[in-house]
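Student: Can we go through this structure together? I'd like to know what the words used for it rest on.

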Amino acid sequence: MRKKRLICLLLALFAAVLTTVCPSAPLHAETAEADLGLTSRSALLMEASTGTVLYEQNADEELSPASITKIMTLLLIFDALEEGKIALTDQVTTSAYAKSMGGSQVFLEEGEQQTVETMIKCIVIASGNDAAVAMAEYLAGSETEFVRQMNARAEGLKMSGTHFEDCCGLSESDTHRTTARDVAIMSRELITRYPQISDYATIWMENITHITANGTSEFTLSNTNKLLKMTQSFRVTGLKTGSTSLAKYCFSGTAEQDGIHLIAVVMAAPDYKTRFSEAQSMLNYGFSLCSLYEDTDSDREELPELPVERGKTDTVPLAYADSFSYLSTTGEDFSQIERRVTLASSLTAPAEEGTVVGSLEYILDGRTLGSVDIVTTAAVEQAGYTDILRRFWETFLDTGFAV
């Protein structure tokens, strides 16, 4: 019995030493366990390019979002711009209903017209509820239909803890809700798909001109995101504040440092200043933790053309399907990353453009960090009878037997 216990003890000791000497490193950053001492009810820190969560606190609790609802409103506006449904220079007319919005507003009058671009500034800088509703009506015909589209977009992004009932966040209904995780998801979609949002979100002050039946007047938009003026080592790029008596103080803050983009979401902060200071704490923590490896076509070896069997052409050109990024939170040496190309020997026709014929793997210390597909950049048609005869004749000529 003693001998058996001694063997078990030695095995356990050996396993412990092995774990210490050869720890397994995660392929991607995992949620940090650091205690940042946040007093906000819910919070989440995300790296934007990969969607990696670096820190979270009650991130899936469903809460009232107040005006950070407008992140989804802005996302739908930029979707419409990208699709060519609207233009920045379009004139948007304010309805009586849009004018009637309370809370934060830019005091649009019924019948007043402003461009889409001015409305975007009113929404993202001054959090204008009247501007948000005016844009919802312009895009969808009614706020009700626009909210339906907001919820559909949220569902498409797998924002499972979200349900919108208005486009600006004034609703204090228990069913108008979202989570810190979902806010980070829609913020990420907005800033990565439409990085130009930062051009508007970083404006500190700007005047707009009201032209109404009562005459012309100037109104100053003042940014509600006070993180823009707080001292820090990173560059603030956005994004949106919100507050109501039910939601307390909310904030989705975005920032960049050395090519790394982070999103810090704070919900139900106890007071006005805390939402900014706690977002700042998360961002400082994230930037101290992160380094990002990125690889694009300009850094990669040129791909050969792939031989084609039974095709109208003998070869087909290739390309990398995408760029590659890897987020590290453990100080790994990126200079040791090995790139390994694996290609098929040939492709049999017919084949569509974009056919996957290989991959580019990224390997560090024997671990595969990820990979990128290698694809064809043209379709390959199958050779017909005449193509075979032509190729036979060309081969015959090349041999030197022609008279």
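Tutor: Let's start with contact, which means heavy atoms within 4.5 Å. Helices (H or I, at least four residues) and strands (E, at least two) are DSSP runs, numbered from the N terminus. By that contact rule, Met 72, Thr 73, Leu 75, Leu 76 and Asp 79 in α2 meet Phe 146, Gln 149, Met 150, Arg 153 and Ala 154 in α6. This is a predicted model, where local features need pLDDT of at least 70, side-chain atom pairs count only at pLDDT 80 or more, and totals for chains, interfaces and linings use all residues. Residues are numbered from 1 along each chain as its sequence is written, and side-chain values use heavy atoms, with hydrogens and water left out.

Student: What makes α2 roughly perpendicular to α6?

Tutor: Helix α2 (residues 70-82) and helix α6 (residues 143-156) pack at an angle of about 95°, with their axes 10 Å apart. Angles of 65 to 115 degrees count as roughly perpendicular, under 35 as roughly parallel, over 145 as roughly antiparallel, and the rest as oblique. So α2 is roughly perpendicular to α6. The axes are lines fitted to C-alpha atoms, for helices over the stretch in contact, and angles run from 0 to 180 degrees between N-to-C directions.

Student: Which classes of residue are in the contact of α2 with α6?

Tutor: That contact has six nonpolar, two polar and two charged residues. Here Ala, Val, Leu, Ile, Met, Phe, Trp, Tyr, Cys and Pro count as nonpolar, Asp, Glu, Lys and Arg as charged, and the others, Gly among them, as polar.

Student: Why is Thr 73 called buried?

Tutor: Buried means under 20% relative accessible area, exposed over 50%, and partly exposed in between (1.4 Å probe, protein chains only). Thr 73 has a relative accessible area of 0%, so Thr 73 is buried. Not counting residues up to four places away in sequence, Thr 73 touches Ala 132, Phe 146, Met 150 and Cys 167.

Student: And α4 with α5: what is the angle there?

Tutor: Helix α4 (residues 116-124) and helix α5 (residues 129-140) pack at about 140°, with axes 8 Å apart. That makes α4 oblique to α5. The contact of α4 with α5 has nine nonpolar, no polar and no charged residues. In α4, Val 116, Met 119, Cys 122 and Ile 123 meet Ala 131, Ala 132, Ala 134, Met 135 and Tyr 138 in α5.

Student: How do you know that strand β1 is mostly covered?

Tutor: Six of the six residues in β1 (residues 42-47) are buried. Side chains in a regular strand alternate between the two faces of the sheet. In β1, Ser 42, Leu 44 and Met 46 are buried on one side, and Ala 43, Leu 45 and Glu 47 on the other.

Student: What makes β1 and β2 a pair?

Tutor: Two strands pair if DSSP finds at least two bridges between them. β1 and β2 (residues 53-57) have four, in the antiparallel sense, and Met 46 stands opposite Val 53 in β2. They form a hairpin with five residues between them, and Gly 51 in the turn has a positive phi of about 80°. Six bridges also join β1 to strand β9 (residues 260-269), running antiparallel. There, Met 46 has Ile 263 as its bridge partner.
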